[in-house]
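Subject: Structure handover

Hello,

Here is the structure you asked about, with notes below. Please read the notes with the model open.

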Amino acid sequence: MAERNLDFDKVINRKNTDCIKYDFAQTFGMPEDVLPFWVADMDFEVSSYIEDALAARVRHGIFGYSDCSAHYFNAVQGWMKKHHNWEPQEEWLIKTPGIVFALAMAVKAYTRQGDGVLIQPPVYYPFSKVVADNGRRVVENPLYLGEDNRYHIDFADFEQKITAEKISLFFLCNPHNPVGRVWTKEELTRLGDICVKHNVVVVSDEIHHDFIWSGVHEVFANIKKEYEEISMTCTSPSKTFNIAGLQISNIFIPNSTLRQKFQRELDAAGTSHVGVMGLTACEAAYKNGDEWYQAMCAYVRDNVAFVKQYVEERLAGVTMIETEGTYLVWLDFRATGLSAEELDRRIIHEAKLWFDSGEIFGDSGKGFQRINAACPRSVLNEGLERLRVVVQ
Ligand SMILES: Cc1ncc(COP(=O)(O)O)c(C=O)c1O
């Protein structure tokens, strides 16, 4: 059967579908008629293979406790092998209903109350939240913006923080949300060697690994055998195939001691199985979703280029940070001369746009905004036009 859902220009009304992106503006303190570019899901229909697999499951009519067998794992491993040159083993896999949940479980499994957990802001805000919510300390190794318009790692500070703060756990965002870096093998090796030297567990959140516009995604655990032993790799079909609402992620922990510690926390939290719809969609996606994925990527890549061109030509004072990966674009408004508060006010209340304001990713995000470019180009254009009017 041929793929059907390849029209990414199609504008689909998501209102009144209980989706967080469109239906909860007022709950989040936004005007009701705001145009959203914030939360990281896409405004595209999923692959028709996912749709059909879910429909077949619905028609069966029974939704009892479920688990997966070899065909599920083969689909997951096949994807990792084909797209990431990585062959995770079946016994490494633990499925969870989401990656943020897995991050919280890792905090509990690998640290104690009061311990520090290292992060690299500006970074996906639940990284600091799950640390603080579990009574641990957030320790920051801030990224810095280089002259090449890309963010970089301060390796000396990274190691200094590990020793000074007795760090045993580091959250790596690979590729990095929101700054769009696809970390190179050299950068990851420098980080990895420091972590091996100081016995630091690395949680590598690779949820954005399938959105690579320049460079190559390196699976952290795949770089050296030693990294396998100290790491947990978080993957999920949710971003790649736009199925975040189905809550399925695949967490790989090669080291058996680390895996058992993580499993103990899942048991203590009372979780056992994931949902059957997530399993069904994940398998269908990884098995048959490649054509849809390739077409979606080509479209989103063009969207990212479209934003870049728009910003360069029409948004004076705004700089787009080089987006090497992810569908999230990080815009620097500091040269507009507007304060972060005034910028938010104009974007939200005048332009009626809903972006993610930069400071939620850490203090260094002040004066920046993150926008989600995974939507029909006409919608993206509308958002940029509205933005232009208020920053002129
Ligand atoms: C880096 C990163 N990790 C995790 C998530 C969310 O994962 P989940 O929905 O599986 O909890 C996101 C979503 O935007 C993300 O950007």
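Predicted model: local features only at pLDDT ≥ 70, side-chain atom pairs only at ≥ 80, totals over all residues.

Residues are numbered from 1 along each chain as its sequence is written, and side-chain values use heavy atoms, with hydrogens and water left out.

Ligand site

The residues around the ligand are Ala40, Gly98, Ile99, Val100, Tyr124, Cys173, Asn177, Asp205, Ile207, His208 and Lys239 (a residue is near a molecule if one of its heavy atoms lies within 4 Å of it). By class, this shell has 6 nonpolar, 3 polar and 2 charged residues. Here Ala, Val, Leu, Ile, Met, Phe, Trp, Tyr, Cys and Pro count as nonpolar, Asp, Glu, Lys and Arg as charged, and the others, Gly among them, as polar.

A backbone N or O atom of Ile99 is 2.7 Å from a ligand oxygen atom, and a backbone N or O atom of Val100 is 3.0 Å from an oxygen atom of the ligand. In the side chain of Asp205, an N or O atom lies 2.5 Å from a nitrogen atom of the ligand. The ligand taken alone exposes 400 Å², and the protein buries 87% of that (accessible areas come from the Shrake-Rupley method with a 1.4 Å probe).

Pocket and cavity

Rolling a probe the size of a water molecule over the atoms shows where empty space is left. The search used a 1 Å grid over the protein atoms alone: a cavity is a set of points where a 1.4 Å probe fits but cannot get out, a pocket is an open set with protein on both sides within 12 Å along at least five of seven lines, and lining residues have an atom within 4 Å of a point. Grid points are joined across faces, edges and corners, and a volume is the space filled by probe spheres set on the points.

The ligand takes up the space of the largest pocket; a molecule sits in a pocket if more than half of its atoms lie within 2 Å of its grid points. This pocket holds about 1300 Å³ of space. It is lined by 45 residues, of which Ala40, Asp41, Lys239, Ala244 and Gly245 are the closest to its centre. Helix α4 gives the largest share of the lining, 4 residues (helices are DSSP runs of H or I, at least four residues, and strands are runs of E, at least two, numbered from the N terminus).

The structure also has 1 cavity of 30 Å³ or more. Phe37, Phe355, Ile371, Leu380, Gly383 and Leu384 line the largest cavity, and helix α14 (residues 377-391) gives the most to that lining, with 3 residues.

Backbone

Most residues other than glycine have a negative phi, and most peptide bonds are trans. The bond from Pro121 to Pro122 is cis, with omega near 0°, and Pro122 lies in the loop between β3 (116-119) and α5 (126-133). The bond from Asn174 to Pro175 is also cis, with omega near -5°. Asn85, not a glycine, has a positive phi of about 55°.

Regards

Note on methods
Polar contact = N/O pair within 3.5 Å; in protein donor to acceptor, adjacent residues only side chain to side chain.
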